[in-house]
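Colleague: I have a model open and I'd like to learn how to read it. Could you walk me through a few features?

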Amino acid sequence: ARLRDSLVLEIGKTNDDADGEIGRCIQILEHCCSITTLQTGETLPDIAQDMNILTFRLPLGVTAGITPFNFPAMVPISIFSMSTVCGNTCVIKPSSCDPGAVMILMELCLEAGFPPGVVNVIHGRKEPVTFVCDHPDVVALSFVGSDEAGSYVYERGAKNGKRVQSNLGAKNHAIVMPDANKERTLSSLISGSFGAAGQRCMALSTAIFVGDSKQWIPELVERSKTQKVTSGAAPGADFGPLISPEAKKRVCDLIQSGVDAGAELLLEGRNIQVKGYENGNFLGPTILHRVH
């Protein structure tokens with residue numbers, strides 16, 4: 001309950017969305033329990049005369065994870081759980097927007113018996129990122145986040161000879177064919193586009209309707225109007241606010257740029273007012289049509 005409440009309070013996730021993230025955390029930990037099988041090496045006998053090959057999987061040492069705001073529990077736990085179960089230590093640098101979930105996970109690690117120093121947390125914005133990219137004891141980095149930050153981590157970490165995973169942003173499209181299941185398609189478009197206020201790497205930003213499926217667009221607009229935008233803790237909430245005023249401004253500017261370029265605004269969500277949260281970073285469902 002503490003972890004779910006943290007996700008709802010700090011990022012604005014709905015209760016259902018927060019429960020879904022915690023469910024993924026549990027699945028990751030269950031997967032880690034199979035490490036005794038996953039980590040076994042291989043034996044290739046008799047590949048040549050009097051020659052066998054044995055492979056071994058050995059710990060690297062100190063690893064680091066730089067994690068995003070949109071999954072402040074699932075991404076950190078996916079990094080440090082796999083790192084530590086493989087015999088490494090790990091340093092996590094969570095997003096400065098919502099570090100509470102990681103601190104709860106650290107408490108749980110101590111309760112579970114993790115020795116001090118196996119999993120560590122450092123806070124901040126760019127300075128700790130540069131620190132882990134440069135520190136000679138850190139041998140591997142895993143990053144999830146924006147293109148700009150990820151490019152910086154990949155370039156700086158690689159120059160220092162580290163193994164770097166850098167998972168950056170995405171631009172996701174859906175192509176809607178006329179023979180698709182209409183009910184399932186419209187439901188998927190709405191949840192995929194507006195869920196978590198669009199703050200997912202797999203959020204759907206563009207839909208291309210082919211042939212007769214274009215006739216579904218008015219119904220898509222009407223269904224989108226029924227989405228309940230409010231505090232994530234409110235019963236029946238479909239999605240909550242964006243993470244910050246800066247994030248809201250960025251999205252509003254992108255909407256306006258589309259309008260200025262000639263797109264038709266079928267559904268306007270920039271002026272939404274949520275009772276009791278008039279100063280919140282809320283943005284209602286918004287649909288642009290004929291975007292070129």
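Colleague: Let's start with a side chain. Which backbone oxygen lies 2.9 Å from a polar atom of the side chain of threonine 63?

Modeller: Keep in mind that this is a predicted model. The oxygen belongs to threonine 89, at 2.9 Å from that side-chain polar atom of threonine 63. There is a side-chain partner too: serine 83, joined to threonine 63 by a polar contact of 2.6 Å.

Colleague: Where does threonine 63 lie, and is it buried or exposed?

Modeller: Look at the relative accessible area: under 20% counts as buried. Threonine 63 comes out at 10%, so it is buried. As for the chain, it lies in strand S3, residues 62-66. Beyond its neighbours within four places in sequence, threonine 63 is in contact with Ser83, Asn88, Thr89, Cys90, Val91, Val138 and Ala140.

Colleague: Now helices. How do the axes of H6 and H7 cross?

Modeller: For a pair like this, check the angle first: under 35 degrees counts as roughly parallel. The axes of H6 (residues 126-134) and H7 (residues 147-159) cross at roughly 30° and come within 8 Å, so the two helices are roughly parallel to each other. The crossing is right-handed. On the H6 side, the contact is made by Lys126, Val129, Thr130, Cys133 and Asp134, and on the H7 side by Tyr152, Val153, Arg156 and Gly157.

Colleague: And which residues does UniProt list for the domain?

Modeller: An unreviewed UniProt entry lists residues 3-291 as "domain: Aldehyde dehydrogenase". Over that stretch the chain is 40% helix and 18% strand, with the end C-alpha atoms 40 Å apart.

Notes
Residues numbered from 1 in each chain as written. Predicted model: local features only at pLDDT ≥ 70, side-chain atom pairs only at ≥ 80, totals over all residues. Heavy atoms only, no water. Helix = DSSP H or I, 4+ residues; strand = E, 2+ residues; numbered from the N terminus. Buried < 20%, exposed > 50% of the residue type's maximum accessible area, 1.4 Å probe, protein only. Polar contact = N/O pair within 3.5 Å; in protein donor to acceptor, adjacent residues only side chain to side chain. Contact = heavy atoms within 4.5 Å. UniProt positions renumbered as here; feature names shortened; annotations may be inferred. Axes fitted to C-alpha atoms, helices over the stretch in contact; angles between N-to-C directions. Parallel < 35°, antiparallel > 145°, perpendicular 65-115°, else oblique. Left-handed = near helix turned anticlockwise from the far one by under 90°.
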